[in-house]
Amino acid sequence: MTSRDPASGPPDDPTPQQGSIPEVNKVTADDITASLKAGFSDFLARPFMSGFFGLFYAVFGLLFVWTLVWLKMVWMIIPAVIAFPLVAPFAAAGLYEMSRRLQKGESFGWSEILTVMANQRKREMGWMAFVTLFILWVWFYQFRTVLVIVLKDSSFSDLSGFFDTVLFTAPGWTFLAIGSCVGAFLSAVLFSVTVVAMPMLLDREVDFISAMLTSLRVVQENPVVMLGWAAIISVTMLLSLVPAFLGLIFTLPILGHTTWHLYQRALPPVEA
């Protein structure tokens, strides 16, 4: 952890210090398992508060999909659903703070958690949001470009027609193959620069560039284990979308709390 007063919240200095990239620890499958257990324990400790963040994320997802259908932009649903788990770290910011306080045995309520989240606008989290949104913009733009090039002779006016074209025609299969490869690459990039960067920015006085480079180093030093963690997140989040996004009420908080504990295992504590 850090050298801050245990009773205090995370630093809210709008000009974080820039320093060298910290050493990273070796992460094993046992660390993933232990982090999942700790994350589930945190969820059970405050199920309603944790579930609120999952509910908010689920409602946002439903409204987003409904908006795309209402605007007759059905082609956007596939990239939106694939990209949806990638922005989860922002929704989990409050969960990181909950886990931090639970770990220290501190009492807290709604005001403490929401205040910490609001204070992130003064810090480097906004720059991380910019990086994430830029990568998502590239993802949506390339998806639309491939759609126009590969499916230029196809027509669809509703969601059913779109899926019929994509799933049951040769051009649709080509479109899925190209889009999946590009999407996998962009997802890997975004995961690598954010996997520990988000909780690190909340927990330490560090700039977002150092946080991203540290996150990249964690992935570089532990490629197999971190790939496994990425797969767990992706599969769990995508399965949670099936029952009208309702599974996110439970899975998002557990994964968010788990990410906090995994971050602590991936980086050594700050020396006093």
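Trp 137 and Tyr 141 are both exposed, that is, over 50% relative accessible area, where buried means under 20% and partly exposed lies in between (1.4 Å probe, protein chains only). The model is predicted, so local features need pLDDT of at least 70 and side-chain atom pairs pLDDT 80 or more, while totals for chains, interfaces and linings use all residues. Residues are numbered from 1 along each chain as its sequence is written, and side-chain values use heavy atoms, without hydrogens and water.

The whole structure holds 10 aromatic pairs. Rings of Phe, Tyr and Trp (its six-membered ring) pair if their centres lie within 6.5 Å; planes under 30 degrees apart are stacked, over 60 edge-to-face and the rest tilted. Trp 137 and Tyr 141 form a stacked pair, whereas Trp 260 and Tyr 263 form a tilted one. Trp 260 and Tyr 263 are both buried.

| Pair | Centre to centre | Angle between planes |
|---|---|---|
| Trp 137 and Tyr 141 | 5.4 Å | 15° |
| Trp 260 and Tyr 263 | 5.3 Å | 55° |

Trp 137 and Tyr 141 lie 4 residues apart in helix 7 (residues 125-150); Trp 260 and Tyr 263 lie 3 residues apart in helix 13 (residues 248-266). Phe 52, Phe 53 and Trp 110 form one aromatic cluster.

The protein has 13 helices and 0 strands, taken as DSSP runs numbered from the N terminus (helices H or I, at least four residues; strands E, at least two). Of its 272 residues, 47% are buried. Among contacts (heavy atoms within 4.5 Å) with a separation of 6 or more, 79% join residues 24 or more positions apart.
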